[in-house]
Amino acid sequence: MRPIRPAATPAWSTVENDFQPALPDRRVDLIYLCYPNNPTGAVTTRAALQRWVDYARAHDAILLFDAAYEAYIVDADVPHSIYEIEGAREVAIECRSFSKNAGFTGLRLAYTVVPKETRGRFADGTVSSLNALWHRRTAIKYQGPPYLIQKAGAAVFTPEGAKQVRALIDYYMENARIIAEGLRAAGFAVYGGRNAPYIWVRAPAGVTSWDFFDALLTRAHVVGVPGSGFGPSGEGYFRLTAFGSREQTQEAVERIRKEVRPVGSRPASIRRP
Ligand SMILES: Cc1ncc(COP(=O)(O)O)c(C=O)c1O
């Protein structure tokens with residue numbers, strides 16, 4: 001296969017572009033898309049995905065679509081799978097996980113869809129089925145997950161499993177609503193938290209992600225992830241998650257509201273202990 005080189009202008013996903021990165025400005029081999037997105041909680045539209053599929057088809061590229069948070073989608077117009085898009089089966093691979101819908105993070109179970117139609121081009125120009133390559137690699141290197149865990153995975157698709165998954169997700173999404181609405185009411189600029197379990201919070205003007213982390217830790221005793229840890233576009237942002245208990249989520253929001261001032265304040269408004 002051709003070596004993969006980063007695009008000259010990386011296609012970042014930011015508040016400014018509404019979390020819809022521009023198409024690459026030169027040909028790339030592999031494009032990773034994650035919607036609903038970790039860390040921003042952003043979602044995309046069918047029209048935007050169609051542009052990516054059309055680009056991949058026109059430029060001989062492969063899309064790697066990470067749908068780990070698909071189960072958190074509630075709005076009818078948000079696509080659940082890349083295969084809802086015309087032409088996607090020829091150019092797209094989709095990753096799915098049991099970690100975030102059914103709490104299998106410790107059990108470790110996931111699956112990848114590699115349609116038979118997908119093709120990869122080697123450096124000498126020859127074309128090969130990605131499904132055949134994937135199958136050969138997986139069959140040689142992996143024995144498959146333990147039977148017990150496969151049975152647990154199958155249970156997720158039973159009516160009772162689906163009911164339990166729904167209840168778990170609804171619980172987390174109420175946490176997401178409490179965080180997003182609570183911080184928004186306090187004047188913070190907040191993104192995500194709907195169709196995704198992540199809340200992307202803007203630090204006060206001029207405050208870095210790590211300074212915001214320190215302030216939250218030392219003043220409010222709340223821990224989250226500095227946005228800059230996800231890449232340069234995350235600088236000045238902070239990620240909170242809905243994966244907590246209701247009581248702790250409510251208390252964390254209250255403490256942040258009391259101890260840390262929102263966007264528009266000067267850096268000094270993060271009061272040091
Ligand atoms: C976007 C995204 N994709 C994939 C994963 C990994 O899922 P798994 O636990 O199946 O490895 C995560 C886990 O945090 C994630 O956030």
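Let's start with an open sheet of 4 strands, ordered S1-S2-S3-S4 and mixed in its pairing. Strands here are DSSP runs of E with at least two residues, helices are runs of H or I with at least four, and both are numbered from the N terminus; two strands pair if DSSP finds at least two bridges between them. At the edges sit strand S1 (30-34) and strand S4 (110-113), each pairing on one side only. On average, neighbouring strands of this sheet are turned by 15° against each other, direction ignored. Axes are lines fitted to C-alpha atoms, for helices over the stretch in contact, and angles run from 0 to 180 degrees between N-to-C directions.

Before going on, keep in mind that this is a predicted model, where local features need pLDDT of at least 70, side-chain atom pairs count only at pLDDT 80 or more, and totals for chains, interfaces and linings use all residues. Residues are numbered from 1 along each chain as its sequence is written, and side-chain values use heavy atoms, with hydrogens and water left out.

Back to S1: it runs parallel to strand S2 (residues 62-66), and 5 bridges join the two.

Now for the individual atom pairs. The side chain of Asp-66 has an N or O atom 2.6 Å from a nitrogen atom of the ligand. For Tyr-69, a side-chain N or O atom is 2.6 Å from a ligand oxygen atom, and a polar side-chain atom of Asn-38 lies 2.8 Å from an oxygen atom of the ligand. The ligand taken alone exposes 400 Å², and the protein buries 70% of that; the areas come from the Shrake-Rupley method with a 1.4 Å probe.

Asn-38 is also worth a look for its backbone. The peptide bond from Asn-38 to Pro-39 is cis, with omega near 20°, and Pro-39 lies in the loop between S1 and H1. In the segment before S1, Phe-19 has a positive phi, near 60°. For context, most residues other than glycine have a negative phi, and most peptide bonds are trans.

Finally, there is an open sheet of 4 strands in the order S7-S8-S10-S9, with antiparallel pairing. Strand S7 (190-192) and strand S9 (225-226) are at its edges with a single partner strand each, so one side of each has no neighbour in the sheet. S7 and strand S8 (residues 198-202) run antiparallel, joined by 3 bridges, and Val-190 stands opposite Val-201 in S8. Helix H6 (residues 209-220) lies across S9 and strand S10 (237-241), running at about 50° to S10; contact means heavy atoms within 4.5 Å.

Definitions and conventions. Polar contact = N/O pair within 3.5 Å; in protein donor to acceptor, adjacent residues only side chain to side chain.
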